[in-house]
There are 2 protein chains.
Amino acid sequence: MRLIETARAPNPRRVRIFLAEKGIEIPTEQVDLGALEHKKPEFAERNPMRRVPVLVFDDGSTLSETVAICRYFEETQPDPPLMGRDARGKAEVEMWQRRMELEFLYPIMHTFRHTHPHMAQLEVPQVAEWGEANRPRVLKMIEFLDAELAERQFIAGDEYTIADITALVAADFMKPAKIERPDSLANLARWYDEVSSRPSAKA
Amino acid sequence: MRLIETARAPNPRRVRIFLAEKGIEIPTEQVDLGALEHKKPEFAERNPMRRVPVLVFDDGSTLSETVAICRYFEETQPDPPLMGRDARGKAEVEMWQRRMELEFLYPIMHTFRHTHPHMAQLEVPQVAEWGEANRPRVLKMIEFLDAELAERQFIAGDEYTIADITALVAADFMKPAKIERPDSLANLARWYDEVSSRPSAKA
């Protein structure tokens with residue numbers, strides 16, 4: 001088994017942190033997105049969506065989509081649980097994971113992909129107006145998160161979960177997207193310091 | 001338990017079809033998106049993301065996000081399984097569900113929300129150029145799906161799953177988004193006829 005990924009991209013990092021929290025080590029193979037390696041026909045055979053990461057099993061079959069890869073490892077090695085414990089808990093974690101993805105990480109990605117000059121060859125067409133429309137959504141989301149984190153330790157409750165992983169990767173991706181986190185958001189800062197000082201954050 | 005939803009919106013329909021496939025009936029309460037009811041403060045207490053559907057439990061607590069609501073029912077009533085059987089199966093269904101959502105339903109939604117005059121008060125700012133940029137992605141996706149469906153009965157394999165539900169809702173949402181499905185896509189048409197003739201499709 002090996003993971004085809006790109007060290008600097010946010011989605012592969014979500015999988016790496018997830019695996020580090022589980023204590024799972026698997027070999028990785030790098031794809032150079034800058035050199036458009038994922039646009040080559042060989043790559044489409046691994047993932048027709050032409051995205052990283054892709055998990056390759058020993059029989060050559062593949063699995064893509066960040067959260068699907070995480071799900072596979074959650075099912076095969078449930079301990080520690082990162083996607084919830086009982087029915088309600090699993091649903092709550094999924095809700096928060098999706099909020100962090102759809103309303104936090106993706107608006108940052110859209111800002112980055114549609115406003116950064118380096119992305120012009122990857123995001124066609126780049127729509128600057130759309131990129132800029134996402135910027136205030138990110139700020140609104142981190143204010144919301146700051147209020148939520150006044151009441152609990154982690155994004156989805158009192159346990160560290162995949163929702164924290166998605167949120168941490170999003171928070172760190174604000175930098176390349178040139179979106180600044182206001183210093184006034186003290187609860188968010190407390191949470192950020194806590195999750196980013198876990199050994200998995202270096203993954 | 002009750003479901004707060006909007007009859008005509010695509011995400012609530014995903015939950016209704018999911019419940020119909022499971023044979024679960026729960027009361028619904030309608031929210032008028034046209035009258036901006038979901039923008040009122042009362043609604044934010046149910047879902048701060050201000051989206052439907054929202055599941056309200058008997059103790060008044062809530063759960064939102066379409067797929068999280070489906071997950072709750074998958075866990076509490078596993079039969080028939082709509083989100084996969086074993087570890088690999090669950091991961092495969094999640095992969096296909098996400099592809100149908102991120103690369104099929106969402107591009108249609110972006111086209112609709114950013115180009116339809118009726119959406120001008122809900123999608124602020126409307127970015128027509130972004131809406132139009134999504135249209136060719138939808139056509140590319142249905143061509144891809146047509147090729148995939150030459151080899152198997154359903155989106156994620158030989159069983160009907162949540163991936164078919166997301167894809168069916170997406171396919172039907174092409175009409176309001178004014179994106180036409182080419183007649184040449186015979187495998188897609190075969191699949192569409194099959195899933196839309198299931199009783200659950202009327203939900």
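**First stop: across the two chains**

Select Glu123(A) and Arg137(B): their side chains are joined by a polar contact of 3.3 Å. (A polar contact is a pair of N or O atoms within 3.5 Å; within protein, one must be able to donate a hydrogen and the other to accept it, and residues adjacent in sequence count only if both atoms are side-chain atoms.) Before going on, note that this is a predicted model, where local features need pLDDT of at least 70 and side-chain atom pairs count only at pLDDT 80 or more, while totals for chains, interfaces and linings use all residues. Residues are numbered from 1 along each chain as its sequence is written, chains are lettered from A and ligands numbered from 1 in the order in which they are written, and side-chain values use heavy atoms, with hydrogens and water left out.

Stay on Glu123(A). You'll find it in the loop between helix H4 (87-115) and helix H5 (128-148) of chain A; helices are DSSP runs of H or I with at least four residues, strands are E runs of at least two, and both are numbered from the N terminus. Glu123(A) has 7% relative accessibility and counts as buried (under 20% relative accessible area, with a 1.4 Å probe and protein chains only).

**Next: Ser64(A)**

Jump to strand E4 (residues 62-64) of chain A and pick Ser64(A). Is Ser64(A) buried or exposed? It's buried, at a relative accessible area of 1%. Show side chains here: the one of Ser64(A) makes a polar contact with the side chain of Asn47(A) at 3.3 Å, and another with the side chain of Arg99(B) at 2.9 Å.

**Over to the chain B sheet**

Colour the strands of chain B. Four of them form an open sheet in the order E2-E1-E3-E4, with mixed pairing; two strands pair if DSSP finds at least two bridges between them. E2 (28-30) and E4 (62-64) stand at the edges with a single partner strand each, so one side of each has no neighbour in the sheet. Zoom in on E3 (residues 54-56) and E4(B), which run antiparallel and are joined by three bridges. Val56(B) has Thr62(B) as its bridge partner in E4(B).

**Last stop: the axis**

Zoom out to both chains.

Technical notes. Buried < 20%, exposed > 50% of the residue type's maximum accessible area, 1.4 Å probe, protein only.
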